[in-house]
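Here are my notes on this one, as numbered points. Have the structure open next to you while you read.

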Amino acid sequence: MTKRELIISLYSDHDDEGLLFADGFDDAIIGICPASLRVVYSRSKAINILSEDMSLEDAVDFAEYNTFAAYVGERTPIWVEDFEWE
């Protein structure tokens, strides 16, 4: 079972608004905040995912501007620095 599937199975019935996942970043999921029901992602893993299709510098720029800084409501995912750089 993936982390996304596990989170859905454990938490989807706790909230009427539903959980919000960042498309394309399932491999960067590291958990969920049980207090806010926001999915928690690794910033470094997200950058590694993006760098599969672009340079590392472009991946960092894209992630900082388009992903980490995006606000999509109260369920906006949490992006944490886990210091797992490659």
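1. Leu 10 comes out at 46% relative accessibility, so it counts as partly exposed. Bear in mind throughout that we are looking at a predicted model. Leu 10 belongs to helix α1, which covers residues 3–11. Together with Met 1 and Leu 6, Leu 10 makes a nonpolar surface patch of about 340 Å². On the helix geometry in general: with 3.6 residues a turn, residues three or four places apart point the same way.

2. Now the overall layout. The protein has three helices and three strands, and reading from the N terminus the order is α-β-β-α-α-β. The C-alpha trace spans about 40 × 25 × 20 Å along its principal axes. A compact globule of 86 residues would have a radius of gyration near 12 Å, and the 13 Å found for the protein agrees with that.

3. A few totals to go with the layout. Of the 86 residues, 36% are buried. Counting contacts with a separation of 6 or more, 47% are between residues 24 or more positions apart. The exposed surface comes to about 5600 Å², with carbon and sulfur atoms supplying 52% of it.

4. Have a look at the hairpin next. β1 (29–33) and β2 (38–42) pair in the antiparallel sense, over four bridges. Ile 32 stands opposite Val 39 in β2. Four residues sit between the strands of this hairpin, and Leu 37 takes a positive phi there, near 55 degrees.

5. Leu 37 deserves a point of its own. Its phi is positive, about 55 degrees, although the residue is not a glycine. Is Leu 37 buried or exposed? Its relative accessible area is 10%, so Leu 37 counts as buried. The residue is found in the loop between β1 and β2.

6. Back to helix α1 for a moment, and to Lys 3, which lies in it. Lys 3 counts as partly exposed because its relative accessibility is 44%. Leaving aside residues up to four places away in sequence, Lys 3 touches Ile 29 and Ile 30. Lys 3 and Leu 37 are 34 residues apart in sequence, and their C-alpha atoms are 14 Å apart in space.

7. Helix α2 is the one I'd turn to for burial. Why can we call α2 largely enclosed by the rest of the structure? Because seven of the eight residues in this helix, residues 43–50, are buried. The buried residues are Arg 43, Ser 44, Ala 46, Ile 47, Asn 48, Ile 49 and Leu 50. They pack against β2, α3 (56–68) and β3 (78–80).

8. On to charges: the count comes to three salt bridges. One of them joins Asp 26 to Arg 4, with the closest N and O atoms 3.0 Å apart. That pair links distant parts of the chain, since Asp 26 is in the loop between α1 and β1 while Arg 4 is in helix α1, 22 residues away. Both ends count as partly exposed: Asp 26 has a relative accessible area of 33%, and Arg 4 has 26% relative accessibility.

9. What does Arg 43 form with Glu 64? The two form a salt bridge, and the closest N and O atoms are 2.5 Å apart. Glu 64 lies in helix α3 and Arg 43 in helix α2, so the bridge ties together parts 21 residues apart in sequence. Glu 64 is partly exposed at a relative accessible area of 36%, whereas Arg 43 is among the buried residues of α2.

10. Arg 43 also forms a salt bridge with Glu 81, where the closest N and O atoms are 3.9 Å apart. Glu 81 is in the segment after β3 and Arg 43 in helix α2, so this pair ties together parts that are 38 residues apart in sequence. Through shared partners, the salt bridges join Arg 43, Glu 64 and Glu 81 into one network. As for Glu 81, a relative accessible area of 32% makes this residue partly exposed.

Terms used: Residues are numbered from 1 along each chain as its sequence is written. This is a predicted model: local features need pLDDT of at least 70, side-chain atom pairs count only at pLDDT 80 or more; totals for chains, interfaces and linings use all residues. Side-chain values use heavy atoms; hydrogens and water are left out. Patches are made of residues with over 30% relative accessible area and no salt bridge: like charges are joined within 9 Å, nonpolar side chains (Val, Leu, Ile, Met, Phe, Trp, Tyr) within 5 Å. Accessible areas come from the Shrake-Rupley method with a 1.4 Å probe; for residues, only the protein chains shown count as cover. A salt bridge is a side-chain nitrogen of Lys or Arg within 4 Å of a carboxyl oxygen of Asp or Glu. Helices (H or I, at least four residues) and strands (E, at least two) are DSSP runs, numbered from the N terminus. Buried means under 20% relative accessible area, exposed over 50%, partly exposed in between (1.4 Å probe, protein chains only). The radius of gyration is taken over C-alpha atoms; the globule rule is 2.2 Å times the number of residues to the power 0.38. Contact means heavy atoms within 4.5 Å. Two strands pair if DSSP finds at least two bridges between them.
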